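Keep the sequence and the 3D view side by side as you read.

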Amino acid sequence: MSTIRDVAKLAGVSVSTVSRYLNKSGYVNSETEQTIKYAIDKLKYAPNQVARGLAGKKTNTIALILPDISNLFFSDLARAVEDVAATYGYTVIFGNSDDQAVKEKRYIETLKQKYIDGIIFASNTLGHDDAEMLTKLGIPFVCLDRGPSEENSSIVRSKNKEGAIMAVQHLLDVGCRKIAHIYGPQHLITAKERLIGYEQSVQILDWYSPTLIEPGDFRIAGGMKATDRLLERHPDIDGIFAGNDLMAIGALKALHRKGIPVGRQVAVCGFDGIQTTEITVPELTTIAQPIYDMGALISRLLIKKIEGKLEEDRLYELDVKLIVRDSTFRRQGTNEQA
Ligand code: RIB
């Protein structure tokens with residue numbers, strides 16, 4: 001099996017030049033690039049030897065790139081990833097990308113230098129060129145939740161569209177007859193699929209209007225503002241499905257500020273199943289994602305991939321669950337302020 005030294009020898013350059021070419025981590029003139037490329041093709045040099053050659057031994061370390069660990073959805077995911085990785089003898093390092101490609105690229109550059117064994121992307125900013133470069137370098141990666149659909153990666157996410165349909169059906173079942181939706185950022189596949197599920201459920205109903213949907217930012221403040229705008233347009237809405245729990249909590253706050261009884265007058269349903277939903281007033285009905293199972297599965301898949309035991313990369317979509325609480329209990333005739 002050819003080595004990086006064989007490539008350097010055939011190309012008539014130093015090992016560090018070949019390494020710079022493969023890592024894109026420094027200048028290599030085009031003529032030298034051509035000779036290196038020729039030598040790699042001639043020797044059928046398996047790209048994934050590079051990482052091992054440069055990295056020496058495995059480091060038993062994986063990285064998890066998250067959008068924002070301050071959102072309990074992601075901290076719960078991170079907990080599961082770390083618990084399972086530890087059972088296989090791996091440590092985990094975390095990074096927040098804030099869904100910014102430039103931050104993600106910076107992490108990838110740093111992780112390459114630290115000879116990380118593999119990376120889990122839960123952020124949606126992994127570019128195709130970065131994915132290609134990681135594959136070329138033989139650094140295994142997998143995608144989680146809002147991570148992109150890359151052909152060289154397994155992906156774990158929830159059944160987002162089905163969950164949205166469950167949320168709307170529950171609101172209809174408790175008697176709602178004009179349901180609004182606060183949707184998350186549409187460049188995220190999770191938010192997009194939930195909006196599709198909402199629209200598929202309501203567009204045939206006579207009260208439906210496209211003005212019943214309002215953008216949020218997956219944060220509490222965005223949920224509050226969206227609820228205010230929806231109520232200005234439609235003071236008679238009696239149900240709100242929010243695309244994640246933080247925006248649903250924002251909706252609870254906005255309704256409370258207006259003195260609107262949650263449940264009796266406007267029922268509210270969220271999506272994620274973070275622990276905070278158990279302590280809101282009223283407690284929040286939500287579509288719970290199997291957060292811990294998602295984190296545990298992606299961790300196992302990456303470690304299998306690192307150890308060469310993963311047969312194939314594919315999409316894993318996990319079931320979600322409706323958790324009914326007081327925010328959708330349509331109590332009638334009582335005076336208590338929900
Ligand atoms: O609350 C954060 C949201 O972003 C979750 O719904 C999760 O699915 C992620 O996409």
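Start with three classes: Ala, Val, Leu, Ile, Met, Phe, Trp, Tyr, Cys and Pro count as nonpolar, Asp, Glu, Lys and Arg as charged, and the others, Gly among them, as polar. By these classes, the shell around the ligand has 3 nonpolar, 4 polar and 4 charged residues. The model is predicted: local features need pLDDT of at least 70, side-chain atom pairs count only at pLDDT 80 or more, and totals for chains, interfaces and linings use all residues. Residues are numbered from 1 along each chain as its sequence is written, and side-chain values use heavy atoms, with hydrogens and water left out.

Now look at the whole chain. It is divided into domain 1 (4-55), domain 2 (61-157 + 291-318) and domain 3 (160-290 + 322-329). These bounds come from an automatic or database domain assignment. The centres of domain 1 and domain 2, taken over C-alpha atoms, are 27 Å apart.

Why does the ligand lie between domain 2 and domain 3? Both domains give residues to the shell around the ligand, so it lies between them. Around the ligand you find N71, F73, F74, D145, R146, T190, R194, F218, N244, D272 and Q289. Each has a heavy atom within 4 Å of the ligand.

Next come the polar contacts, which are pairs of N or O atoms within 3.5 Å; within protein, one must be able to donate a hydrogen and the other to accept it, and residues adjacent in sequence count only if both atoms are side-chain atoms. The side chain of D145 has an N or O atom 2.7 Å from a ligand oxygen. For N244, the distance from a side-chain N or O atom to a ligand oxygen is 2.9 Å. A polar side-chain atom of N71 also lies 2.9 Å from an oxygen of the ligand.

Finish with the backbone. Most residues other than glycine have a negative phi, and most peptide bonds are trans. D98 is not a glycine, yet its phi is positive, about 50°. V281 and P282 are joined by a cis peptide bond, with omega about -5°.
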